[in-house]
Amino acid sequence: MSAILTVEGITKIYQSGSKNVQVLDAIDFSVDEGKTMAIVGPSGSGKTTLLGLCAGLDSVTQGQITLNRILLNRLSEDELAQVRNRYVGFVFQNFQLIPTLTALENVMVPLELRGVGKARLRSEELLKRVGLGDRMDHYPTQLSGGEQQRVAIARAFSNDPKILFADEPTGNLDDETGKSVEDLLFEINREKGTTLIIVTHDVELAKKTDQIIRLKGGRIVD
Amino acid sequence: MDKKITISKERYSRSWPLKMAWRDSRKSRAKLVLFIASISLGIAALVGITSFRENLLDEIDQQAKSLLGADFSVSGNKDLPDSLFYKFKWLSSSESKETFFSSMVLFPRTDGTRLTQVRALEGDYPYYGEIETDPPSAATRFKTGQYAIVDEKLLIQYNVEMGDSVLVGNLGFEIIGRIKRIPGQTNVGSSVAPVVYIPRQYVPETGLVKKGSRINYVTYYQFHPDIDTSNVWAEARDLAEGSGYDVDTIEDRKEETGRSFRDLSSFLELIAFTALLLGCLGVASSIYVYVKGKVQAVAVLRCLGMKATQAINIYLVQVASFGLIGSLIGCTIGVIIHLFLPEVTREFVPIDLTPTIYWPAILAGVLIGIVISVLFGLLSLVGLRRVSPLSAIRFGFESVKLRVDPLVTLIGAVVIIFLYLALWWQLGDPYYALIYTAILTGAIVILYGMGKGLSWAMKKIIPNSMPFVWRQGLSNLYRPNNQTVILVTTLGLSTAFLAMLYFMQDLLVQRVSLAGENERPNTILFDIQTNQKESLRQMTVDYDLPVMQDVPIVTMRLLEVNGKNKDEAWNDTTARIPGWAFNREYRVTYRDSLIDSETLVEGEWLGRILNPDDSIFISISRGYAENLNVGIGDELLFNVQGALIKTYIGSFRDIDWRRVQTNFLVVFPEGVLEQAPQFHVLITRINRNDVSARYQQAVVRQFPNVSIIDLELILKTLEDILGKVAFVIQFMALFSIGTGLVVMISSIILSKFQRMQENVLLRTLGAARQQLWKIIAAEYFFLGGLGAIAGLALAIVFTILLGRFVFEFTFVPSSVHMMVIFLAISFTSVTIGLLNSRNIVRRSPLEVLRNEV
C-alpha cells in the first residue's frame with residue numbers, strides 16, 4: 001500500500017511582531033492510502049497548524065509535504081486550491097457551512113466548483129445518506145449543531161476526496177450527538193475508502209484510528 | 001513521485017459565479033440596502049439635473065424666437081437713423097419700435113412710487129411669443145390710447161387696481177391690464193425691474209427724454225419670408241455695429257440665455273456630483289462592511305477549492321447587480337426630480353418647460369452607477385484575494401483583516417480618473433473638471449490626515465483619571481480596529497459640503513448687507529438736470545436728510561488712444577486695445593480729490609486745472625488701464641458731446657465697487673468739464689420707511705425725470721432672490737444630505753462590526769446596560785464631533801479662500817451655523833450609533849455572540 005501523505009522534516013515559523021515563533025519543528029510521518037490517523041496533543045502544540053499544512057492551506061517554512069504524489073511546496077495558491085478541490089475533504093470543529101446557502105447548496109459547492117455534472121443528484125444522495133433527506137432546503141441557522149456537522153460531512157465526501165481532514169469534528173457537540181457524528185464519519189470513510197486524518201483532544205476517538213501522532217511544543221513526542 | 005497539476009479552466013462552469021452570487025445574495029440583500037440607497041440618491045441627483053439641463057437647452061432651442069420676440073433687434077442710445085432703418089427694413093416684413101428707460105412712476109390713488117423699466121412700444125411686437133396679460137386683450141389694446149399695462153407684482157405691492165392711473169413723468173396713463181409674462185424675461189428679472197408698458201407716441205409728452213437722459217431705442221424686425229437675407233445680412237449688421245448699435249438675433253439671444261442657464265445648471269450639477277461622490281463613499285463603506293461579513297465564507301470556499309478570482313467574481317457580480325438596481329431606482333427618482341425642477345426654477349427660467357425624458361442621461365446614470373459600484377466595490381473586494389483558507393480553521397487568523405493592497409492604490413487611481421472623466425462629461429470642460437477633481441481628492445486626503453491626527457491626539461490627551469465609561473468610549477477612537485479615520489473622512493466630507501452650502505449663503509448675504517450698514521448711503525437719486533440740482537438739494541435738506549454726495553456726470557466717448565482711433569487700433573495687433581473701449585459711452589465726473597472708495601496706486605493725483613492751456617491729466621481705474629493696455633502719461637482723446645478733449649493719464653486708482661456711491665472709471669480734474677452738458681447724482685441716507693415714501697413721492701411729483709434707487713428695496717429684492725436661489729440649491733442639497741446620512745449610517749454600522757465583540761464581552765463581564773449606552777454614546781458623540789469639526793474646518797478654510805480670491809471679501813463664518821452643524825452631526829451620529837447597538841445592549845450576550853459575532 002502506498003503513502004497518500006508524506007511529511008518530511010517540516011518546520012513552520014510564524015512571525016509575531018518582530019519575533020519569530022516556531023510552531024512546528026522537524027516533523028516526519030507518512031500515512032498510507034485508506035488508513036486513519038489521529039493527531040493529538042495539548043492546546044498550542046501545533047495540531048491545527050500541522051493539519052493546515054498537510055491540507056495545503058498554508059505553506060511550510062522548511063521541509064516538504066507530498067499529497068497524493070503531488071509535492072505541495074511547489075504549487076501556487078490557485079493550484080493548491082485545485083488540489084484541495086480534487087483530492088481533499090474537510091470537516092471543521094465549528095462546521096463552517098456557508099450561512100447564505102441551503103444545506104443542499106453547501107454540499108453541491110465542491111462539485112460545482114469542479115464542474116461536475118449531476119451535482120444536485122449526487123448531493124441529494126449524500127444528504128439522504130447522512131439522514132438529512134428532509135432538511136435539504138434548510139439554511140444552516142435552521143439546523144441544530146449535529147445536523148450542521150452532518151451536512152459538513154456530506155460536503156466533505158461530495159467530491160470523493162482521497163484524504164479527509166477533520167479538525168476536532170465533535171468538539172462543538174454534546175456527547176451523544178458527537179458520538180453519532182463520529183460513527184457517521186467513520187462509517188462513510190470506510191465505505192468510500194478515504195484516508196482520514198483527525199485532529200482531536202478526545203483520546204477515545206483517537207484510539208479508533210490506525211495511527212496516532214502525539215505533538216508537544218511543535219514536535220512529535222511519540 | 002511529483003505529479004504535474006494542470007489547471008483545466010474549462011471544467012469550471014463560467015456561469016457558476018453568477019449562480020453563487022444569486023444564492024449568496026438571498027440572505028444578504030437587506031445588508032445591501034444602504035449600498036443601493038447610496039448609489040440611487042447620487043444617481044437620482046445626477047440624472048435629474050442632467051435631464052433638466054438638456055431639457056432646458058432643448059426648450060431654449062425650440063422657443064428661441066420667443067426669447068427675443070422678433071427675428072432681430074437693433075438697439076442703441078439714439079433712435080435708429082433712417083439710413084440704417086431702411087437698410088434693414090427691406091429685409092423685413094414688419095418692424096416695431098420701442099423706447100425704454102428707467103424711471104420713477106407714481107400711482108396717485110395710493111401715492112406709491114417705484115423705480116421701473118418703462119417700455120414704450122409701437123408696432124406689432126412681439127412677433128413670436130406674446131406679452132401675457134390679464135385680460136389678454138390688454139397686451140395689444142394699450143397701444144390704442146393713453147393706456148398702460150403694469151407688472152402684476154407691482155400692482156399687488158402698491159394696491160393698485162384696474163382703471164387706476166399711473167404717472168410716468170408728467171403724463172398719466174389708465175391701467176388696463178396686468179403683465180404676467182414678457183418674452184425672454186424671468187420672474188426674478190421683473191422683481192428687480194418691474195415693467196410698465198405705454199404707447200410710444202406718448203413718450204415726448206412724459207417730459208422724460210432730455211439731454212443726458214439714459215434712453216435706449218430698439219427697433220424689432222421680422223424677416224420677410226420671401227427674401228433671401230443671407231447675402232446682405234452680414235453687411236447690414238456690420239454697418240449698424242460700426243455705427244455704435246447693438247444687433248441682437250435669435251441665435252445671439254439663444255446663446256446668451258443658454259450660457260447663463262448652463263452656469264446655473266453647472267452649479268447644480270456640481271452639487272449633484274458631490275451627492276454622487278458621497279454616494280461613492282457610501283458604496284465603499286457599505287461594501288467594506290459586506291465583504292468583512294463574507295471573509296469567513298470565502299475562507300471556507302477556498303478550503304473547498306475555490307480560486308481567489310472566483311471569490312472576487314461572485315461578489316463582484318453581486319455588487320454590479322445591486323449597482324444596477326440602485327442606478328435604476330436612482331434614474332426613476334431622477335426622472336421624478338426632473339418633473340419637479342421646472343416648477344422649482346420657474347422664477348429664473350424665461351421659457352416654459354415641458355419635462356421630457358432624456359434617455360442619454362438615464363443611460364449615463366445607469367452606466368456611471370454600475371462603474372462606480374464596481375470600482376468602489378473592488379477597493380474592498382480585492383482584499384478577498386488575500387483571505388487564507390487557514391481562516392476556516394483558525395478564526396481570528398491575520399488574513400481576516402483586509403490589508404492594504406497595492407492593487408487598491410491602482411484601483412484608487414482608476415477611480416480618480418473615472419471621476420475626472422465623468423465630471424468632464426458632466427461639466428463639458430476639462431479644466432473645471434480637473435480643478436473639481438483635484439479639490440475633491442485634496443479634501444479627502446486632508447480629511448484622512450485630520451482623522452489620523454485626531455486619532456493620535458486622542459491617545460495623548462485622554463487622562464487616566466477620567467471616569468471609566470468616558471475613557472472607554474474615547475479610547476475606542478484610537479484602539480486597534482478604530483473607525484476614526486474612515487468616519488472623520490466620510491462624515492467630514494459630508495459636513496464640509498453641507499457647511500459650505502450654508503457658508504456660501506452667509507457669504508453672499510454678508511456681502512450684500514454690508515452695503516446697507518448703518519450710516520452708509522441707502523438712497524441714490526440720478527438723472528438730475530443741472531437746473532434742478534439746487535432745488536432738489538434744498539428739498540432733501542428740508543426733509544432733514546443729509547446730502548452725502550452730489551456728483552456731476554458728463555457723458556463722452558473715447559476717440560483715440562495714443563493717437564490710434566478704433567480702426568487703427570483694430571488693425572494694429574500690437575496695440576491690444578479692445579473694441580468695446582471705443583464703442584461704449586463713458587459716464588465721467590470731475591472733482592479735486594479722491595473719495596473714500598478710491599486708493600491712488602500709481603502716478604500723481606491732479607485735482608484742478610489752473611490754466612485752460614495746461615495739459616489735462618486724468619485719473620483712470622487700474623483695471624481699465626490694464627484692459628486698455630495703457631500706462632501713465634499715455635494720451636486719450638475724448639469726444640465730449642461734440643467737443644474733442646485731449647487728455648493724459650496722470651494716475652491709476654483702485655476702486656471698491658461694492659460701496660454704495662458713484663464710482664467712475666475716468667475722473668477729470670476740476671476746471672475742464674464744468675460747462676459741458678451734464679446731469680447730477682445725489683446720494684443720501686433715509687432711516688425711516690415713512691420718510692422715504694414721502695420723500696420719494698415729493699421728488700417724483702416735483703422732478704418726474706429724476707430716478708431713485710432705494711437700496712433697502714434692492715436689498716429686500718436681493719434677499720428674496722437669494723432665498724429663491726437658496727431653495728433650489730437646498731432642494732438639490734437634500735440629495736447630498738440624504739447620501740451623507742447613508743454614508744454616516746454605513747460608517748457607523750462598520751464601527752458597530754468592530755465594536756460588537758468588545759461590547760458583548762463587556763456585558764458578559766458584568767457591565768450594566770446604562771454603562772454600555774454611555775460608552776457607545778460617548779464614542780459616537782466624539783466620532784460625530786470629530787467628523788463635524790474636520791468638515792467645518794475644511795469648509796471654513798475653503799469659504800474664506802473663496803471669499804478672498806473670488807468675491808474679494810473677508811468672510812466671517814456664523815458661529816450659530818457652525819454650532820448647529822456640529823450639534824446636528826454629533827447627535828445624528830449618537831442616535832444612529834445607539835439605534836444600531838440596541839441589539840447588543842438589549843439581548844442576552846450569548847444570543848448576540850451566537851448570531852452575530
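Trainee: How many bridges join strand β1 of chain A to strand β4 of chain A, and do they run parallel or antiparallel?

Mentor: Good place to start, and keep in mind that this is a predicted model. Five bridges join β1 (residues 3-16) to β4 (residues 62-67) of chain A, and the two strands run antiparallel. If you want a residue pair to look at, Val7(A) stands opposite Ile65(A) in β4(A).

Trainee: Which sheet do four strands of chain A form, and in what order?

Mentor: It is an open sheet with the order β2-β1-β4-β5 in chain A, and the pairing is antiparallel.

Trainee: Which strands stand at the edges?

Mentor: β2 and β5 of chain A do. Each has a single partner strand, so one side of each is left without a neighbour in the sheet.

Trainee: And what does α1(A) lie across?

Mentor: Helix α1(A) lies across β1, β2 and β4 of chain A. Relative to β1(A), the helix runs at about 120°.

Trainee: Why does Ala26(A) count as partly exposed?

Mentor: Because 13 other C-beta atoms lie within 10 Å of Ala26(A), and a residue counts as exposed at 12 or fewer and as buried at 20 or more.

Trainee: In which sense does β7(A) pair with β8(A)?

Mentor: β7(A) and β8 (residues 195-199) of chain A pair in the parallel sense over five bridges. Ile163(A), for instance, has Thr195(A) in β8(A) as its bridge partner. Strand β6 (residues 88-91) of chain A also runs parallel to β7(A), joined by four bridges. There, the bridge partner of Gly89(A) is Leu164(A) in β7(A).

Trainee: What do β7(A), helix α6 and β8(A) make?

Mentor: With α6 (residues 175-192) of chain A between them in your list, they make a right-handed β-α-β unit.

Trainee: Switching to the two chains together: how many residues of chain A are in contact with chain B?

Mentor: On the chain A side, 34 residues are in contact with 30 residues of chain B. The elements of chain A that give two or more residues to that side are α1 (47-54), β5 (70-71), α2 (77-87) and α3 (103-114). The largest share, eight residues, comes from α2(A).

Trainee: And how do the residues on that side divide?

Mentor: The side of chain A that touches chain B divides into 16 nonpolar, eight polar and 10 charged residues.

Trainee: Now chain B itself. How many helices and strands does it have?

Mentor: Chain B has 25 helices and 20 strands. Of its 853 residues, 42% count as buried.

Trainee: How do helices α11 and α12 of chain B pack?

Mentor: α11 (residues 308-344) and α12 (residues 359-381) of chain B pack at an angle of about 145°, with their axes 8 Å apart. α11(B) passes α12(B) in a right-handed crossing. Their contact divides into 14 nonpolar, nine polar and no charged residues.

Trainee: Last one: which peptide bonds to proline in chain B are cis?

Mentor: One joins Tyr125(B) and Pro126(B), with omega about -5°. Pro126(B) is found in the loop between β3 (112-122) and β4 (132-134) of chain B. Another runs from Asp134(B) to Pro135(B), with omega near 0°. Pro135(B) lies in the loop between β4 and α5 (138-141) of chain B.

Technical notes: Residues numbered from 1 in each chain as written. Chains lettered and ligands numbered in written order. Predicted model: local features only at pLDDT ≥ 70, side-chain atom pairs only at ≥ 80, totals over all residues. Contact = placed C-beta atoms within 7 Å. Nonpolar A, V, L, I, M, F, W, Y, C, P; charged D, E, K, R; others polar. Axes fitted to C-alpha atoms, helices over the stretch in contact; angles between N-to-C directions. Left-handed = near helix turned anticlockwise from the far one by under 90°. Pairing = 2+ DSSP bridges. Right-handed = clockwise from strand over helix to strand, strands pointing away.
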